[in-house]
Amino acid sequence: MKLVIHGKNIEITDGIREYVHQKIEKAVSHFQNITNQVDVHLSVARNPRISTKQAAEVTIYANGSVIRAEESSENLYASIDLVADKIARQLRKYKERRQDQKTQPIPTNEVIVPEPVATDLIGDRTPELPDEVVRTKYFSMPPMTLAEAQEQLQMVGHDFYMFRNSETGEINVIYERNHGGYGVIQPRNSNGHTNGKNGKTAQANVGIPEKSHSK
């Protein structure tokens, strides 16, 4: 298992490096057979108005899937402890879900119901753009189904997830809707059509159960 440590606004000392290895390796020790690489990103916020200044983020690449957890506090070592516990729970859920998929039959009657694309994707949130690009991420994008993309969305802990649709070969984005459920963003060709089943861009719950909370 490869473990890589990155730092932003912080020097990665030998003590910090040793502590990360100790905590993260222990957290993934029971899942090394499915873990290919672990990236740890440590950062310290320079903004004095932010109370939780020191963050630890862990990204695990496991058999083509991405599992992510992030925690922050006023103490870097405490943040590392918190994120280690969280990523261990994420890995446990991932492994249990994989085992359930092997024992349960694959449904053949799933229906995708397209809906018109919403004109407002951010609701009442105020869009804010950073002054500059502060971080770039690269990751492989193997083809996957919509259900697999929804599972990945839950694993990475973001509001959206970009993936290559195995049915169309195109890049899609699945995201959490403000009022529950999920939406899908598909590219539209110059002729106004997509390569989807129904020849139209869809924002739908796509057979995925809606969440009870709203954002």
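Among the contacts in the chain with a separation of 6 or more, 52% join residues 24 or more positions apart, a contact meaning heavy atoms within 4.5 Å. The structure is a predicted model, in which local features need pLDDT of at least 70 and side-chain atom pairs count only at pLDDT 80 or more, while totals for chains, interfaces and linings use all residues. Residues are numbered from 1 along each chain as its sequence is written, and side-chain values use heavy atoms, with hydrogens and water left out. Of the 215 residues of the chain, 34% count as buried, that is, under 20% relative accessible area, against over 50% for exposed and in between for partly exposed (1.4 Å probe, protein chains only). The accessible surface comes to about 13,600 Å², and 49% of it belongs to carbon and sulfur atoms; these areas come from the Shrake-Rupley method with a 1.4 Å probe, and for residues only the protein chains shown count as cover.

The secondary structure consists of 3 helices and 8 strands, taken as DSSP runs numbered from the N terminus (helices: H or I, at least four residues; strands: E, at least two). Along the sequence these elements follow the pattern β-α-β-β-β-α-β-α-β-β-β. An open sheet with mixed pairing is formed by 4 strands in the order E1-E2-E3-E4, where two strands pair if DSSP finds at least two bridges between them. Strand E1 (2-8) and strand E4 (65-73) stand at the edges, and because each has a single partner strand, one side of each is left without a neighbour in the sheet. Neighbouring strands of this sheet are turned by 15° against each other on average, direction ignored.

Strands E1 and E2 (residues 37-44) run parallel and are joined by 7 bridges; Val 4 stands opposite Asp 39 in E2, and Ile 5 stands opposite Val 40 in E2. The chain crosses from E1 through H1 to E2 in a β-α-β crossover that is left-handed, given that a right-handed crossover is one in which, with the strands pointing away from the viewer, the path from the first strand over the helix to the second runs clockwise. Helix H1 (residues 14-27) lies across E1, E2 and strand E3 (54-62), and runs at about 130° to E1; axes are lines fitted to C-alpha atoms, for helices over the stretch in contact, and angles run from 0 to 180 degrees between N-to-C directions.

Not counting residues up to four places away in sequence, Ile 24 touches Leu 3, Val 38, Val 40, Val 58, Val 83 and Ala 84.

Thr 59, found in strand E3, counts as buried at 10% relative accessibility. Thr 59 and Asp 39 are 20 residues apart in sequence and 5.1 Å apart in space, C-alpha to C-alpha.
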